[in-house]
Amino acid sequence: VEAVHLIADGKAPRIPQPKEGATYEGIQKKENAEISWDQPAAALHNWIRGHDKVPGAWTTINGQVVTFYGSSLFDGSVPAGQELTIKGASRPGLVTKNGLVVFGNDGKMVLVRNLQFEDGKMIPASKYFSADETTALELTEEEKKMAEDIR
């Protein structure tokens with residue numbers, strides 16, 4: 001009650017907060033979220049999931065920074081897929097129909113579902129090698145007429 005009265009009367013002490021240690025920036029920064037490949041699969045999974053969505057765990061693939069999202073531990077035999085060389089990884093990843101399979105230093109696997117490129121484009125990891133393929137939109141005659149009417 002006394003504190004409320006001091007505030008109401010304008011007599012409450014004002015102690016400025018020290019500037020040291022004060023920040024509005026997030027604690028985790030993108031440059032600190034690079035994936036270190038020399039660790040077990042469980043640690044890789046925890047690192048990737050721990051950085052979902054911000055700032056995003058990343059690595060370098062073909063000279064480009066690629067951010068990984070949506071990982072899970074993967075049990076079973078090594079799936080069939082197309083090899084993908086990842087900088088710093090002891091063995092290449094595999095682009096499979098379910099996503100990108102990466103390997104920990106213990107030989108166990110992690111499945112990554114989504115990848116984001118430096119330009120902001122996000123794709124399912126399973127589409128990594130088909131990401132550059134584009135298909136032209138083909139309109140029917142009726143759609144062409146409608147498009148012309150709209151113009």
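## The annotated stretch

From end to end, the C-alpha atoms of residues 29-130 lie 30 Å apart, and the span is 10% helix and 39% strand. Helices (H or I, at least four residues) and strands (E, at least two) are DSSP runs here, numbered from the N terminus. In UniProt, an unreviewed entry gives these residues, 29-130, the annotation "domain: Formyl transferase C-terminal". UniProt positions follow the numbering used here, feature names are shortened, and annotations may be inferred rather than shown by experiment.

A quick word on ground rules: this is a predicted model, where local features need pLDDT of at least 70 and side-chain atom pairs count only at pLDDT 80 or more, while totals for chains, interfaces and linings use all residues. Residues are numbered from 1 along each chain as its sequence is written, and side-chain values use heavy atoms, with hydrogens and water left out.

## The nonpolar cores

In soluble globular proteins, nonpolar side chains tend to be buried together. The largest nonpolar core here has 21 residues, and those with the most contacts inside it are F68, L100, V102, V112 and L115. Such a core is a set of buried Ala, Val, Leu, Ile, Met, Phe, Trp, Tyr and Cys residues joined through side-chain atoms within 4.5 Å. At least two core residues come from each of α2 (41-50), β1 (57-61), β2 (64-74), β5 (99-103) and β6. Strand β6 gives the most, with 4 residues.

Apart from this core lies another, of 5 residues, among them L94, V101, F103 and M109. Back in the largest core, take F68: leaving out residues up to four places away in sequence, F68 touches partners including I35, W37, I48, L100, V102, V112 and L115. Contact means heavy atoms within 4.5 Å.

## T67, tucked into a strand

T67 lies in strand β2 and, at 5% relative accessibility, counts as buried. For the record, buried means under 20% relative accessible area, exposed over 50%, and partly exposed in between (1.4 Å probe, protein chains only).

The side chain of T67 makes a polar contact with the side chain of K30, at 2.9 Å. That term covers a pair of N or O atoms within 3.5 Å; within protein, one must be able to donate a hydrogen and the other to accept it, and residues adjacent in sequence count only if both atoms are side-chain atoms. Neighbours within four places in sequence aside, T67 is in contact with K30, G56, A57, W58, N114, L115 and Q116.

## Rings and charges

There are 3 aromatic pairs in the structure. Rings of Phe, Tyr and Trp (its six-membered ring) pair if their centres lie within 6.5 Å; planes under 30 degrees apart count as stacked, over 60 as edge-to-face and the rest as tilted. F117 and Y128 have ring centres 6.1 Å apart and planes at 35°, so they make a tilted pair. F117 sits in strand β6 (residues 109-117) and Y128 in the loop between β7 (122-124) and α3 (141-150), so the pair ties together parts 11 residues apart in sequence. Y128 and F129 are edge-to-face, because their ring centres are 5.1 Å apart and their planes are at 90°. F117, Y128 and F129 form one aromatic cluster. F117 is buried at 11%, Y128 is buried at 12%, and F129 is partly exposed at 35%.

Two charges also sit over rings: the charged end of K53 is 4.4 Å from the ring centre of Y69, and that of R91 is 3.6 Å from the ring centre of F103. This requires NZ of Lys or CZ of Arg within 6 Å of the ring centre and within 35 degrees of the ring normal.
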